[in-house]
Amino acid sequence: MKIFTTREALQKHLLLTRAANKTIGLVPTMGALHQGHLSLIKQAKDHDDEIVCTIFVNPTQFNDPKDLEKYPRTIEADIQMLEQANCDVLFNPDEKEMYDGNEQWHLDIGQLENLLEGKFRPGHYQGVTQIVYKLFTLVKPDTAFFGQKDYQQCLVISKMVELLKIPVKLIMCPIKREPDGLAMSSRNIHLTPDNHHHALILSTTLNWVKSNFDHGKITTLKKTAESMISNEPGIELEYFEIVDGDTLLPAVEDSKKIVALVAARAGKTRLIDNVILSPKS
Ligand code: AMP
C-alpha cells in the first residue's frame with residue numbers, strides 16, 4: 001500500500017492512476033479502524049480499480065474540543081489492517097495539509113444539516129461537508145463509499161453532491177455489528193464492559209421496532225422505543241425518531257423509505273445507530 005501525507009504526492013500518484021484508465025474508489029475515515037471500515041474497503045475493491053482510504057480526524061466537525069482530544073488514534077494498527085485488506089492507497093495528512101489556518105467558509109446544504117444529529121451537534125455537518133468537499137476535489141473519485149451507520153451523513157453528502165453537481169457516485173454500505181448486535185464504532189473503545197452491556201438496548205430496540213413496524217403505529221412505536229431506552233440503566237437517550245428516509249422529517253403516509261434513528265450516551269460515550277424500517281430488506 002502506498003502512503004501519502006501531502007496533497008501534492010497524492011495528486012501526482014492519482015494522475016498516473018487515471019492515465020492507466022483505472023477507476024478510483026474513495027473511503028474517507030477518521031481512523032481507529034474496525035471491521036465496519038474494512039467492509040467499506042471490501043465493497044470499494046469489488047467496485048473500483050484503485051482504492052484510496054483517507055484517515056484524517058477532522059477538527060471542524062467536532063463541536064466539543066474534549067471529544068476531539070479523546071478521539072482514538074491508532075495509526076500503526078490502522079496501516080496494518082489496510083495492508084491486510086489490500087487497500088491501494090492511504091492518504092493520512094496532518095491538519096496543516098488540509099486547512100489553511102482559521103478557515104471561515106462553510107457550505108449550507110439546507111435543513112438536512114440542522115435536524116437530528118445537527119440539532120445535538122451544531123455545526124457538525126458543516127465540518128463534514130467542508131472536509132468531504134476538499135477530499136472530493138483532491139481525489140476526484142469515481143465512487144465514494146459511506147456507511148449507513150451515519151445515515152444522516154450519507155443524506156447530507158448526497159445533497160451536497162446534488163447541489164454542487166459533483167461528478168461522483170455515492171454508495172451507502174450496510175452497518176457492521178458486533179456478534180451481540182452493537183453497531184461497530186471507533187468510539188466503542190471507550191465503553192466499559194458495563195457500558196457495552198447496557199448499550200445493547202439500542203440495537204435491541206431498533207430490531208423490536210423493525211419487527212413490529214406498521215405505518216399506522218409510528219407514534220406508539222416511538223413512545224415505546226423511547227421508554228425502553230430511557231429505562232435502561234446507564235443510558236441517556238438523546239433522541240429516537242422514526243422519519244422519512246429522504247427528508248428526515250416525520251414519516252408520512254406516502255414516505256417511500258422510513259428509517260428509525262437513535263442517539264444516546266452510554267456512560268460518557270455518545271453512540272448512534274439506525275435501521276431502515278421500510279421498504280423491508
Ligand atoms: P468514521 O471513521 O467513524 O468517520 O467512519 C468512516 C466511515 O465508516 C463512515 O462512512 C462511516 O459511516 C463508516 N462506518 C463507521 N462505522 C461503521 C459500521 N459499523 N458499519 C459500516 N460502516 C461504518
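Predicted model: local features only at pLDDT ≥ 70, side-chain atom pairs only at ≥ 80, totals over all residues.
1. Domain arrangement. The domain assignment divides the protein chain into domain 1, covering 2-173, and domain 2, covering 186-275. Taken over C-alpha atoms, the centres of domain 1 and domain 2 are separated by 26 Å.

2. Extent of the interface. Contact between the two involves 23 residues of domain 1 and 21 residues of domain 2. The area buried between domain 1 and domain 2 is about 1,900 Å², and carbon and sulfur atoms account for 57% of it. On the side of domain 1, Leu 116, Phe 120 and Tyr 151 together supply 32% of the area buried against domain 2, which is more than any other three residues supply.

3. Polar and charged links across the interface. Ten residue pairs are found in polar contact across the interface of domain 1 and domain 2, with both residues at pLDDT 80 or more, and the count of salt bridges between the two domains is two. Arg 187 forms a salt bridge with Asp 67, in which the closest N and O atoms are 2.8 Å apart.

4. Make-up of the domain 1 side. Helix 6 (117-120) and helix 8 (151-164) each supply at least two residues of the side of domain 1 that touches domain 2, and the largest share, three residues, comes from helix 8. Sorted by class, this side of domain 1 has eleven nonpolar, six polar and six charged residues.

5. A backbone N or O atom of Met 30 lies 2.9 Å from an oxygen atom of the ligand, whereas for His 37 it is a polar side-chain atom that lies 2.9 Å from a ligand oxygen atom. With Met 184, a backbone N or O atom is again involved, here lying 2.9 Å from a nitrogen atom of the ligand.

6. The structure holds 14 salt bridges, and one of them joins the side chains of Asp 88 and Lys 45, with an N to O distance of 3.8 Å. This pair links distant parts of the chain, 43 residues apart, since Asp 88 sits in the loop between helix 4 (75-84) and strand 4 (89-91) while Lys 45 belongs to helix 2 (residues 35-47). In general, side chains of opposite charge can pair when their charged atoms come close.

Note on methods:
Residues numbered from 1 in each chain as written. Heavy atoms only, no water. Domains from an automatic or database assignment. Contact = heavy atoms within 4.5 Å. Buried area = accessible area lost by both parts, 1.4 Å probe. Salt bridge = Lys/Arg side-chain N within 4 Å of Asp/Glu carboxyl O. Polar contact = N/O pair within 3.5 Å; in protein donor to acceptor, adjacent residues only side chain to side chain. Helix = DSSP H or I, 4+ residues; strand = E, 2+ residues; numbered from the N terminus. Nonpolar A, V, L, I, M, F, W, Y, C, P; charged D, E, K, R; others polar.
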